[in-house]
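Please consult the sequence and the model displayed below.

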Amino acid sequence: MNRQSLISDLIAATAAERVITDPAELFVYESDGFTIAHARPAAVVFVTSTEEVQAVITILIKHEAQIVPRGTGTGLAGGCVAFDNGVVVSTVKMNKILAIDMENRVAHVQAGVRNTSLSDAVAQLPLEMEVSLSAQEPPATSSPSFDPVDAMAGAALTTPKKYMPTTNPYHFAPDPSSQRASSIGGNASTNAGGIHTLKDFVTSNHILGIEMVLASGEVIKVGGHNGAYEGGPFDLPGLICGHEGTFGIICSLWVRLVPKASSFRTIVAFYSTTADACNAVSDIIGAGHLPAAMEMLDGAMIQIVEDAFHFGFSRQAQAMVLIELDGIDSLLDAQMKEVCAICDSHSPISGQTSSDPNRRAALWKARKSAFGAIGRISHSYCTQDACVPRSKLAEVLQRIDEIGKEHGLAITNVFHAGDGNVHPIFLYDDRLEEQVQNTLAAAERVLKYCIDIGGTVTGEHGVGVEKIHIMPYQFDQPTMQQFLRVKQAFDPDERINAGKLMPSEKVKISLIKPGRHVPQ
Ligand SMILES: Cc1cc2nc3c(=O)[nH]c(=O)nc-3n(C[C@H](O)[C@H](O)[C@H](O)COP(=O)(O)OP(=O)(O)OC[C@H]3O[C@@H](n4cnc5c(N)ncnc54)[C@H](O)[C@@H]3O)c2cc1C
């Protein structure tokens, strides 16, 4: 590859100020949120339109450079790191909301739009809901023993009344904790989950259609674009969600807008053991409840969050469960009573309930900021991610704790307990190579254990480069082969993000390398 000629071509296709080549500036793009994986890209190019993406891809193919798509770089698996002199193609400047169609409850956004920007924009829109309400009074002679069925039958829906909610009650539901920073293209590419995944499901359930540029330079448009789900013989948007930038570059997406809940109850319960807390979570689901969210923090995490946000949380607690119920206001108190009774049956130290929206907002802000608050106690941290059967959460946390002790590593946990999506957070110092290797080794043991007990290699953060070597541990050879065939159908010559998600002959990345250089 002739770097100078490559850079000149990129500048000609975009703009000088949108091509980064200075090592000091490139440093920012050497890693994502999984800082153990890092490499300096040959360049970073910021694209603004589908046509530019096509032009840039054509140039990168000509210069035989690996194409590495990147959203806002909040990923936690090294998926957007450009190894092997690859070029990062950043979509952060593709940040236009192209259309919000309230009639069909769909928005069309460029890939770089930040997750919360869309819901913020929708909230600003007036919503004119023409609701035909019965304007006709029941006849004066109607029976005092009012029968709702008869009353409906007799009421003529003739005079429409206009009902105008004060703020638009729709939003884009996927809510990864990174949602103020992460891009919708990145959310789709990792099939991000979030705090409300328990009830709202993952990103793929909210993506109707996708426009993507393939390594051939061709643009494909798959799925429905006008609020409809049906968009072709296969569920290609579903297949693309979670591709981790290995199929092409997503340029725009058509996404569902769904109603936000407006009534909530929040329950916080503190326990003296993580096992009690986990068993409460498992029993709540087992009893048939579907909270909007059920999150858990362990003892160390409670201290970290309390130090940062001063909620008055119980400092002697070893676990905290944060539960949100949403739905029809008049039904919520009864549901809350039942959920509290289950929490009580596992001997909590204390508990709080609230229907105050400000308290709710503050608690979720703290939960979403929990990762960041770890910076107060550790130089570096690495967040692991796996899904396990909810009924096994208690033993999983115990085993994670044991593995941490065996490796002499502090591990703390904050996770989506309702989904069985664990996030053990390994605390270490990345200036010390042996600590990096120790962390990787412990993380691998944790992941393999999660798979052994019926879990998955990833819960929501993707595979990236971090877990690529564990893929064959979960998936047998024919299944791995089929994954590769799917990749080949989109990118037969492995030009895009090779060596991520699936093993590649072309780009091999190993993080476990004693003596590996770690920047100071
Ligand atoms: C504090 C914190 C909290 C987090 N909480 C959650 C959480 O609750 N749930 C969750 O699921 N994740 C969470 N994450 C992880 C991360 O935010 C998500 O994976 C997010 O979806 C990544 O979006 P991004 O725009 O930053 O993508 P990037 O990190 O830039 O890229 C991620 C992957 O997607 C690919 N990609 C990005 N954009 C495109 C595109 N336009 N076309 C093709 N491929 C593309 C990249 O190549 C890479 O493989 C969290 C991260 C942090 C730092």
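Among the 36 residues around the ligand, the nearest are Pro69, Gly71, Thr74, Ser178 and Ser183; a residue counts as near if one of its heavy atoms lies within 4 Å. The model is predicted: local features need pLDDT of at least 70 and side-chain atom pairs pLDDT 80 or more, whereas totals for chains, interfaces and linings use all residues. Residues are numbered from 1 along each chain as its sequence is written, and side-chain values use heavy atoms, with hydrogens and water left out.

By class, the shell around the ligand comprises nine nonpolar, 24 polar and three charged residues, with Gly counted as polar and Pro as nonpolar. Helix H6 supplies five residues, the largest share of this shell. Strand E3 (67-70), H6 and E12 each supply at least two. Helices (H or I, at least four residues) and strands (E, at least two) are DSSP runs, numbered from the N terminus.

Polar contacts, pairs of N or O atoms within 3.5 Å, include the following.

| Side chain | Ligand atom | Distance |
|---|---|---|
| Thr74 | oxygen | 2.6 Å |
| Asn187 | oxygen | 2.9 Å |
| Glu460 | nitrogen | 3.1 Å |

The protein covers 95% of the 970 Å² of accessible area that the ligand has on its own (Shrake-Rupley method, 1.4 Å probe).

In helix H4 (residues 115-124), the buried residues are Asn115, Thr116, Leu118, Ser119 and Val122; buried means under 20% relative accessible area (1.4 Å probe, protein chains only). Seen down the axis of H4, these residues fall within an arc of 155 degrees, so they line one face of the helix; the arc is that of the directions from the helix axis to the C-beta atoms. Their cover includes helix H6 (184-190) and strand E12 (248-256), where contact means heavy atoms within 4.5 Å.

Terms used:
Buried < 20%, exposed > 50% of the residue type's maximum accessible area, 1.4 Å probe, protein only. Polar contact = N/O pair within 3.5 Å; in protein donor to acceptor, adjacent residues only side chain to side chain.
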